Amino acid sequence: MVPASDTFSEPTNPARSLKFSLENKIAAGFAAALLLLVLFGALAWKNARQFEDVLDSGYHRHELLYQLEGCVNHLVQILTESQRYLLTGNEDSVERWAEQTRFAERAMQRLRQLTADNAAQQSRLVQLEPLFHRLVELTGRQNSIRRTTGLEDAIAEIDPAEIGRLMDVMGEIIGRMERTERALLRERGATSLQAIRNTTAWIAVGSLAALALVAGAYLVVGRDFSARRDAEQALRRSEQMFQRLFENSPDAIILVDRGGRIRRANRRAGELFGYGEQQLAGLQLQRLLPERFRARHAAHFATYFAAPRAREMGAGLELFARCQDGSEFPVDILLSPIEAEGERQTLAVIRDITERRQAEKKIHSLNLNLQLQNSRLENANKELEAFSYSVSHDLRAPLRHIDGFTGLLTKHAAGVLDEKAQRYLKVISDAAVQMGRLIDDLLAFSRTGRAQLNPGPVDSNSIVSAIIAEITGGNPDSRIDWKISSLPLVRGDAALLRQVWVNLIGNAVKYSSREPTPRIEISGHVDTSASETVFHVRDNGVGFDMQYADKLFGVFQRLHADTEFEGTGVGLANVRRIVARHGGRTWAEGRPGEGATFSFSLPLNAIPATDNPSASTSNS
Amino acid sequence: MNTLRPILLAEDNPNDIELILTAFQEARLANEVVVARDGVDALDYLFRRGKHANVAAQRPAVVLLDLKMPRIDGREVLRQVRADPQLKTLPVVVLTSSREESDLLRTYQLGCNAYVVKPVAFDDFISAVTQLGVFWALLNEPPPNPIPAAGS
């Protein structure tokens, strides 16, 4: 099982990183909007002030003009009334004259206030006032004279031309004042209007800017929101993926918090432990363990959370889990630290290993069986060795004695024994010798089965030459025609393969000995397609009937009588066994009277590792 | 050729003993043949103890040693002989029925001088024994006696 991640992994949440900048952007947007609002407020206030100003000053100016006009009226009335009095002598006129004088005085006082902000107008007023007072003085004197002395004196005393001149100058001054006021009014109005227009323009610009800002903000925020939405979608998809993986996992997965409480479990966990859906969440983890494990588990749990890392739980221990109904089953548990729901939790993957345990048990018992078999085989082998040992010593001795004393008897009683008796004794002797040979061959046969193979490179050429040399050396007038080809190198046990050659060549020599010109061909070649090396020994001797070919390699099987050719029938069985142990095959072809070819193959690769000394018998 | 030393034959089977003695006769070997019936006997003779304690035993020219004997077998005899400083150089020829490789290996490792398998065929048997006798008793130069140590 592959362990999960090793550290607490940071969730890569793109939405989070976006969020920060989005908040900043929104804050910035709102700050800008606030700023603009403040600006607008200020501009609007300024505008209002200006308007107020305009109105105010307008009002101011108009009042001034009004007063000026009032002044003019009053002055005219003053003159008129004084003239009237002059003419009529009616005291009402004097009252009216006084009233108008007072009005005019008040008007001038008011004018003095109103022209406080304009030095030029003030100076004109300063010019006006003495003139006014002169007029009042003159008309007042005129009135008092008329009252007292009469019309003619009044006319004679006061020069109407001077009054007229005063009136003109005052009129002129007032006129100038009026004109100035009107001009000022116009001018102020114009500038204020311009200022208002400017402010309005700024407001318009500002509005546009605000609009642009809003539009921009909308775009930016909108983009951010869609990015966030994408991120959220991606997150949701990944959540779904996680959910799917979590729920559909073939292993039980549970998330456990520090307090040992199960926070989350997948479907398989429910199935495994026999709980319904959602029943596992909230349970203490301990509930899923058999009671006897709980204490130790609690200790392990604490240490695990102290230093969490991905590992197998209770490595080497046999763990069991407990279902809801109390039944237990063996488990493998893998733990991995994980950060979930903002805290450190543990991810536990639980696998029901009942089957695995069973398989393990089976393997174990099979192994035990094998071991038992092995030891039985070894015992059998040992017994066989003891048997051979015993045979070596104990069977040969009596045979030796039979032949020995037969011989002694023959010598001792040579004179007494007739031909028949001597023949009988010879039969006994021969039988004993034959039995000796059989025993030797059997022992050799048994040894080829038991002995360990010592694999190494084997030069068949030198083996064959040595054997031939022995044969021809021991038999100098042998007429055998040897045809030896170069033999390929092979890999095997040299001693055992030598026995093979001894047997095959020996047979070839034996069974062709009756021919006038015995010919023996020995060849070999490598067959790469079958990956083996093949050897042939062919003779032109008596051959055999293919009908009995399968008997050839059997133990003690012979196709010729002892009287024709001596032999024990073990040689070829030996050959087959040795070649089989090397992983090769043996076979023969022959025709009666036309000789035989005996062949064997050895595999190209090394001797099979499954070589079991006492196992290989016949076949192949 | 020095004084004829005896040949010690350690062999339990009486038939084999008879055959071997007959063969020696045929070969006209003059050496005395001392027969020990088992390993104990052989060792007693060689170490001049037990029933041979009083016999003025001579160092044999060669010991013909059978492997399979009751009580103490040939291997043990060989081991003890080779362990003794006096008898270490004594020529020992193992004469036995077994051609088992394990026997061969072990006896040579124990230090036998020769290993001869008793042939079944009578003629071969006679020939082998004769050759043995002639070689070891006559042709071979036996090792000289070692300087005797105190006690034996």
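**Close-up views of chain A and chain B**

**View 1. A salt bridge joins the side chains of A:Arg400 and B:Asp16, at 3.0 Å from N to O.** A salt bridge here is a side-chain nitrogen of Lys or Arg within 4 Å of a carboxyl oxygen of Asp or Glu. Two salt bridges are counted between chain B and chain A. The model is predicted, with local features requiring pLDDT of at least 70 and side-chain atom pairs counting only at pLDDT 80 or more, while totals for chains, interfaces and linings use all residues. Residues are numbered from 1 along each chain as its sequence is written, chains are lettered from A and ligands numbered from 1 in the order in which they are written, and side-chain values use heavy atoms, with hydrogens and water left out.

**View 2. The contact between the chains involves 24 residues of chain B and 23 residues of chain A.** Contact means heavy atoms within 4.5 Å. The two chains bury about 2,000 Å² between them, and 57% of this lies on carbon and sulfur atoms; buried area is the accessible area (1.4 Å probe) that two parts lose on being put together, summed over both. B:Glu100, B:Val120 and B:Phe122 account for 34% of the area that chain B buries against chain A, more than any other three residues.

**View 3. Seven residue pairs, both residues at pLDDT 80 or more, are in polar contact across the interface of chain B and chain A.** A polar contact is a pair of N or O atoms within 3.5 Å; within protein, one must be able to donate a hydrogen and the other to accept it, and residues adjacent in sequence count only if both atoms are side-chain atoms. On the side of chain B that touches chain A, the elements giving two or more residues are helix 1 (14–26), helix 4 (101–110) and helix 5 (122–139) of chain B. Helices (H or I, at least four residues) and strands (E, at least two) are DSSP runs, numbered from the N terminus. Helix 1 of chain B gives the largest share, six residues. By residue type, this side of chain B has seven nonpolar, seven polar and ten charged residues. Ala, Val, Leu, Ile, Met, Phe, Trp, Tyr, Cys and Pro count as nonpolar, Asp, Glu, Lys and Arg as charged, and the others, Gly among them, as polar.

**View 4. Five strands of chain A form an open sheet with mixed pairing, in the order 8-10-11-13-12.** Strand 8 (481–484) and strand 12 (586–590) of chain A are its edges, each pairing on one side only. Two strands pair if DSSP finds at least two bridges between them. Strand 10 (residues 519–527) and strand 11 (residues 532–539) of chain A are antiparallel over eight bridges, with A:His525 opposite A:Val534. These two strands form a hairpin with four residues between them, where A:Ser531 in the turn has a positive phi of about 40°.

**View 5. Chain B has an open sheet of five strands with parallel pairing, in the order 2-1-3-4-5.** Its edge strands are strand 2 (33–36) and strand 5 (114–117) of chain B. Strand 3 (residues 62–65) and strand 4 (residues 92–96) of chain B run parallel and are joined by three bridges, and B:Leu64 stands opposite B:Val93. Helix 4 of chain B packs on the sheet, touching strand 4 and strand 5 of chain B, and its direction makes about 155° with that of strand 5. Axes are lines fitted to C-alpha atoms, for helices over the stretch in contact, and angles run from 0 to 180 degrees between N-to-C directions.
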